[in-house]
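I opened this structure today and kept short notes. Each entry records what I looked up.

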Amino acid sequence: MSAWERAIALFFGTFVSEDLTCIGAGLMIHAREIHWPIGVAACLLGIFVSDLGLWLSGRVVGRRLLAWDWVRRRLPAHSLQSLESWFAVQGWKAVLAARFLPGTRLPMYLAAGMLGRRAGRFALPAFVAAALWTPLLVMSVALFGRGVVAPLEHLLGGAWPAFAAAGLLAWGLIRFALCAATAGGRARLWARVSRIWRWEFWPAWLFYIPLAPWIAYLAIRHRGLTIPTAANPGIQPHGGIVGESKFEILSKLPTEWVVPTTLVLPGPPETRARELARVMTKRGWTFPIILKPDAGQRGAGVRRIRDAESAARYLREQSDALVAQVYHSGPFEAGVFYFRMPGKARGRIFSITDKHFPVIVGDGASTVESLIWRHPRLRMQAETFLARMNGQGRSILPQGEALPLTIAGNHCQGTMFRDGSHLITTPLDQ
């Protein structure tokens, strides 16, 4: 087995047992079977990815638990808001400390997903904690060698690795059996397995890896790491790579081609609610409306607001600048990729993304959740759909009734993207 094959095994081994994998990496380094930077890096990356998985589980599953009536009765809204506020300020310390306190990492990282508002506020301290802990454990074993695992050999004899492997295998089989015992569990298992050939649901970073060498080449050629930001000079800041203002972009377009929009600035929630109500009255808007972060990404935080009470609640939850828009029911949406070369009077349409919003149709007997899990594509993002239903997943749709599952035209929110090149016409391209 090559060193890189061992590194891949270490990476995936951390998903099963972080400490045992780090000990194994240390023994490999001690035996000169793998270089220490590769062993440490493989364990560090695996641990960090598994930490992100715990956070994501808290965000997806934990938010559903908080929406249960039984939980809401025992955890009032003001208590939950207090916890979220505390976590927004002090959460990074708790995440950092949990790595070094046995038994606290799992509940703390799940709580971070349930209560944290931004992934970055978890990812950074989690990475720092892993970067401190992983080299310490791996290199300790590498320096002291087999003296670290001598107690295991004394207890189990030379066959202790076989006992450990059998234990891990039994643990995996038990988990598999528990999942396969129910229809919902089998659907979840099949959804995980089918991701292997459904490239549509592969992680986004995998598709961007091939671009990295090209971007590095352009950065060297043009002597600037920020060269990609020049692709959209009219979008600020950073050419729209991250942190761009939706309202500023829309303000540069002709008003007759833009859904009526207003910017809700940061401030006290009550003040913002009154200002939003004033703008709606002045412009003749009625509910429902759309509220979303002005600098949000990939459909995060997009909400259809049906009344003033829901608007006030959303404004309390979101303290950053927001965009409010008149709700447009569609049903069609497309993303147009247009470019114009410098010095040219006209550009051209390179491609069009035809967006199809997910809908389920009731049969009068099945719950919304079961309908989603039975659908061959929708089951791939079932957690995303169910997390924002506030208990509606347990309701039964009448025969033939359709239920839209998302209003945001983003793939990570559940929308299907298809090639829309057939929509490019000569008048449109001109």
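This is a predicted model: local features need pLDDT of at least 70, side-chain atom pairs count only at pLDDT 80 or more; totals for chains, interfaces and linings use all residues.

**Entry 1: confidence.** The chain averages a pLDDT of 82. I noted that 84% of the residues score at least 70. Then I went through the elements. Strand E1, residues 261–264, has the highest mean pLDDT, 94. Helix H8, residues 150–156, has the lowest, 53.

**Entry 2: the cores.** I looked for the largest nonpolar core and found 17 residues in it. Ile360, Val368, Ile372, Met389, Leu403 and Leu405 have the most contacts inside this core. Which elements give two or more residues to it? I listed helix H10 (183–194), helix H16 (368–374) and helix H17 (382–387). H16 gives the most, with four residues.

**Entry 3: valine 368.** I picked valine 368 and set aside its neighbours within four places in sequence. Its contacts are then Ile360, Met389, Gln392, Gly393, Ser395, Leu397 and Leu403. Ile360, Met389 and Leu403 are also on my list of residues with the most contacts in the largest core.

**Entry 4: a sheet.** Next I traced an open sheet of three strands. The order is E5-E6-E9, and the pairing is antiparallel. Strand E5 (333–339) and strand E9 (416–419) are the edges, each pairing on one side only. Strand E6, residues 348–356, pairs with E9 over four bridges. Lysine 355 stands opposite phenylalanine 417 in E9.

**Entry 5: helix H15.** Which residues of helix H15 (residues 308–317) are buried? I found Ser310, Ala311, Tyr314 and Leu315. Seen down the axis of H15, they fall within an arc of 135°, so they line one face of the helix. What covers them? The cover includes E1, helix H14 (269–283), strand E2 (289–293), strand E3 (303–305) and strand E4 (322–326).

**Entry 6: glycine 301.** I ended in the loop between E2 and E3, where glycine 301 is found. Is glycine 301 buried or exposed? Its relative accessibility is 17%, so it counts as buried, the cut-off being under 20%. Leaving aside neighbours within four places in sequence, glycine 301 contacts Leu291, Lys292, Pro293 and Tyr314. Tyr314 is one of the buried residues of H15. Leucine 291 is 10 residues away along the chain, and the two C-alpha atoms are separated by 8.0 Å.

Definitions and conventions: Residues are numbered from 1 along each chain as its sequence is written. Side-chain values use heavy atoms; hydrogens and water are left out. pLDDT is the predictor's confidence in each residue, from 0 to 100. A nonpolar core is a set of buried Ala, Val, Leu, Ile, Met, Phe, Trp, Tyr and Cys residues joined through side-chain atoms within 4.5 Å. Buried means under 20% relative accessible area, exposed over 50%, partly exposed in between (1.4 Å probe, protein chains only). Contact means heavy atoms within 4.5 Å. Two strands pair if DSSP finds at least two bridges between them. The arc is that of the directions from the helix axis to the C-beta atoms.
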